[in-house]
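Dear colleague,

Please find below the structure that I am handing over to you. My findings follow directly after it.

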Amino acid sequence: MPIIYRRMSRDEALESADIIVQAYARAPWHEEWCLPNAISRIDELTTTPMCLAVAACDGKQTVGFAFGLPHTSVVGRGIHVAEIAIRPEHQRCGIGSRLLQQLEGEARAMGYVHVWLVSRSSGGVAEYYRSNHYSHSEKLCVYSKQLR
């Protein structure tokens, strides 16, 4: 059955939260997400005003998704790719690239003029984004701090 790419509802997204648990458990992430945290993450995304959610579906099963959140900067209205995840058995089949294209197309139709994301700066993930025509910013980096 061919993969269908389309907008997804909040309920569909919440029902598919296990994709985060599965996708991030493997390399290069090796993150141990629990389902309640994944559901909370999806809830945060889908309750953000103007959240743009797209899904890749194989029949009735969601096999991947991408979420974009509005972000206006000096260059204008943009979309931040806040999350993208694909079930492990469907990775490396072009689904992530197609989800990015779907998200970008929907964002363009809504009047957004740029797209950005935060990810690893090297390795396979960096190559994946470069292959999808994203460029590494020389001006910005990510800072973080653990709150105690």
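In what follows, contact means heavy atoms within 4.5 Å. The model is predicted, so that local features need pLDDT of at least 70 and side-chain atom pairs count only at pLDDT 80 or more, while totals for chains, interfaces and linings use all residues. Residues are numbered from 1 along each chain as its sequence is written, and side-chain values use heavy atoms, with hydrogens and water left out.

The chain contains five helices and five strands, arranged from the N terminus as β-α-α-α-β-β-β-α-β-α. These elements are DSSP runs numbered from the N terminus: helices are H or I with at least four residues, strands E with at least two.

A compact globule of 148 residues would have a radius of gyration near 15 Å, and the chain agrees, with 15 Å; the radius is taken over C-alpha atoms, and the globule rule is 2.2 Å times the number of residues to the power 0.38. Among the contacts with a separation of 6 or more, 61% join residues 24 or more positions apart.

Ile-79 lies in strand β4 (residues 76–86) and counts as buried because its relative accessibility is 1%; buried means under 20% relative accessible area, exposed over 50%, and partly exposed in between (1.4 Å probe, protein chains only). Beyond its neighbours within four places in sequence, the contacts of Ile-79 include Leu-52, Pro-70, Tyr-112 and His-114. The C-alpha atoms of Ile-79 and His-114 are 6.4 Å apart, although 35 residues separate the two along the chain.

With kind regards
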